[in-house]
Number of protein chains: 2
Amino acid sequence: MQIKILKGNIVHAPKFGDLSILENGYIVLEDGKIKGLFQNLPEEYKKHEIEDYTDKLILQSFCDMHLHAPQYPMLGMGMDLPLLEWLNTYTFNNEAHFADEDFARETYTKLANEMISNGTTRCCAFSSLHLKATNILMDIFEKTGMTGYVGKVNMDRNSGDVLKETTEQSKKDTITWLDETSSKYEHIKPILTPRFTPSCTNELMEFLGKLAKERNLPIQSHLSENTSEVAWVRELHPDCKQYWESYDKYGLFNDKTIMAHCVHCDQRERDAMKSRGVWVAHCPDSNVNLISGTAPVRVMMNEGIKVTLGSDIAGGDQLAMYKVICSAIKASKVKRIETNWTTDFLTVAEAYYLGTTAGAKFFGAGDGFAVGDELHAIVVDDKDFPKPVRKLSVKESFERTLYLMKTSNIVSVYSAGRKVK
Amino acid sequence: MQIKILKGNIVHAPKFGDLSILENGYIVLEDGKIKGLFQNLPEEYKKHEIEDYTDKLILQSFCDMHLHAPQYPMLGMGMDLPLLEWLNTYTFNNEAHFADEDFARETYTKLANEMISNGTTRCCAFSSLHLKATNILMDIFEKTGMTGYVGKVNMDRNSGDVLKETTEQSKKDTITWLDETSSKYEHIKPILTPRFTPSCTNELMEFLGKLAKERNLPIQSHLSENTSEVAWVRELHPDCKQYWESYDKYGLFNDKTIMAHCVHCDQRERDAMKSRGVWVAHCPDSNVNLISGTAPVRVMMNEGIKVTLGSDIAGGDQLAMYKVICSAIKASKVKRIETNWTTDFLTVAEAYYLGTTAGAKFFGAGDGFAVGDELHAIVVDDKDFPKPVRKLSVKESFERTLYLMKTSNIVSVYSAGRKVK
């Protein structure tokens, strides 16, 4: 059994809104798993070497619960275009390029390194529809130290000329992919990924629903991102009163489902999400960039819906989740303005919870740095920040760190108990 | 006469919304002043050495038209607090610390370096009320290569216990400061800075108005940032129908005046700004962080009001103006959402104009890289950005650069014709 001890200013979020802080405290790991957090190191551990991060912050690492890996090459591009033109000019052309395995390998290596460098150690990623590129992404994520889910995208209709698969091919590739990857990696697993209702025929949706049930698989997709999409789904599924029902009728809307956006979910849709235990990936940057709307995050939280955060690159322009956390705070302040100051904004502590613990729970983790969990953490050195007029409390240091940190401030990253940066 | 030639992908904004692009073109300088922009280098200049930035972007440097220099130590702090508590817990205590000249020197050196490193070469900065610290700030700005205006803050009422001056002292210090600094520096000049109406007695405002006229001085202050402030001003000046009149009646509201925020300016207030030629410093990050509201930037532009951009640190959490430019785009998209998609958002080209040319004109500069102007420019190397699926146009490179750039991507900075990074 291998003992490891980290010392530093520990700030974690076991509960929404509550920070748990240990000033220069200790995290003890046994074989990468958290044995305990201590203000004073127990006698039995004193003989072990300490990774000394005194006065540095030890924070939970981040969870990116919605990103499109093959859109990484177009990060920050086409932001002036309306959604449909953006999809046709950039998105589909970008994703089509992942038929090229060398390009996929090069791009995904850079992406994975940038995510880990920025302290994202858990994710739910959309790949493209390509079988081989999806395997490459999983392979690279595993090697880089990422954990979580990757999905081969299913899309057998309404997807332009450059990027399509037949229903038959989509089914066949999905089975091949699942057979190849379900047990191949320790930390990266497959997740079923119907792109969104307009991209999938009923036959394909039915197939995926059965597969989800048979193999007990998680599911990711998009829900109620913008009003024209919502209207489109209603046209495509006249038997469904609302968008969510187009997933629900095929068994794709349950407590293993994570839905990106949920900007325009009304009370009835939210009630369905609540009762079925569906997870939300709130993507504040994307919602603004694509002018989708302002998601009712506080309302969803109050109703007991499980909200997490996603970068949604490349609708979102920020891959670093600490930036997405700040964007979530800002989006909630915009919501407060929009609702005439009747909705509370997200505090720094609350948004930190959404970007860490809330996402980690989708993968079965406990609350904050929970005893028994493998360590997912970052260490931040803020020595190049402006010098404050007085000594800051750990909580103050933590707060400004979320706003000011850059890649270079993250000096160490731990993922599933392993030091990966 | 010294000739200097820069070669690279030149992108500048001579007009709101229009980019002027030269792919691997040339800027020729004579004694730091722009002699011309050329796609092909004229014969007469071929004997001169070229600063070769082939395939790198040569952009206009940025103008930060509203920042509080002494709030730099509290960047990113207290963002969960309501405005009044934020002011009392952080702001006034921070500014009070600038009675300490050593602290001022150290802080302002770091601030100036961070601004220049991030490509800000022109600014309108609030100092604190302290005479000596204000001189130190001007001195450091001049030495670092910054250009523009710095203001000793006037505040003789409603400013808490730790930070106050009597009316008499405020007047006396202002005269001393103006006498000492008006001709002292080549690139940094004084600007009159009544903090905002609630901070200044009528006697002080009257004094400043006279001084502005006698010495032909520029003026900076705050206008209609949030609704309770607007209501407060109405209480303090029952003779004024609107906030702007509390400046106007003392001669502090003219075409040498720049007003931060202007979030809640209605038609009548905007008409007054238009007719008097008042400039606006739009501060999108601050407006969201402090939940002030969403400024009607597109409406003001349409009406012909001169809008520029400001970081407003530390209400704003981003000092880098390329980030503020992106925040302005995002704020305009929020405005579009708020107005039910009836207001146009700011394009990347439009927001770039606001962050560069629009501000530069306050200091008398021409349109974009204008012939006869001293060069204010940055050179950006985007080699660490994600590799795109095809060769990008210069316009595409430029657009994603505004979203993705970091300090380290800025390889050179020119300010008033001098290379300062």
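I took a polar contact to be a pair of N or O atoms within 3.5 Å, where within protein one must be able to donate a hydrogen and the other to accept it. With that settled, I opened the predicted model and started at the boundary between the two chains.

Entry: I counted 18 residue pairs in polar contact between chain B and chain A, both residues at pLDDT 80 or more. I then looked up which helix of chain B gives the most to the side touching chain A: α11(B) does, with seven residues. By class, that side of chain B has 22 nonpolar, eleven polar and 16 charged residues.

**Entry: area.** Chains B and A bury about 4500 Å² between them, and 60% of this lies on carbon and sulfur atoms. Which residues of chain B lose the most area to chain A? My list reads B:D80, B:I291 and B:V389, together 16% of what that side buries. I also noted who takes part in the contact: 49 residues from chain B and 49 residues from chain A.

**Entry: chain A by itself.** I found 14 helices and 17 strands in chain A. Its radius of gyration is 21 Å, close to the 22 Å from the globule rule for 421 residues, so chain A is as compact as a globular protein of that length. Its C-alpha atoms fill a box of roughly 65 × 50 × 40 Å along the principal axes. Of the 421 residues of chain A, 67% count as buried.

Technical notes. Residues numbered from 1 in each chain as written. Chains lettered and ligands numbered in written order. Predicted model: local features only at pLDDT ≥ 70, side-chain atom pairs only at ≥ 80, totals over all residues. Heavy atoms only, no water. Contact = heavy atoms within 4.5 Å. Buried area = accessible area lost by both parts, 1.4 Å probe. Polar contact = N/O pair within 3.5 Å; in protein donor to acceptor, adjacent residues only side chain to side chain. Helix = DSSP H or I, 4+ residues; strand = E, 2+ residues; numbered from the N terminus. Nonpolar A, V, L, I, M, F, W, Y, C, P; charged D, E, K, R; others polar. Rg over C-alpha atoms; globule rule 2.2 N^0.38 Å. Buried < 20%, exposed > 50% of the residue type's maximum accessible area, 1.4 Å probe, protein only.
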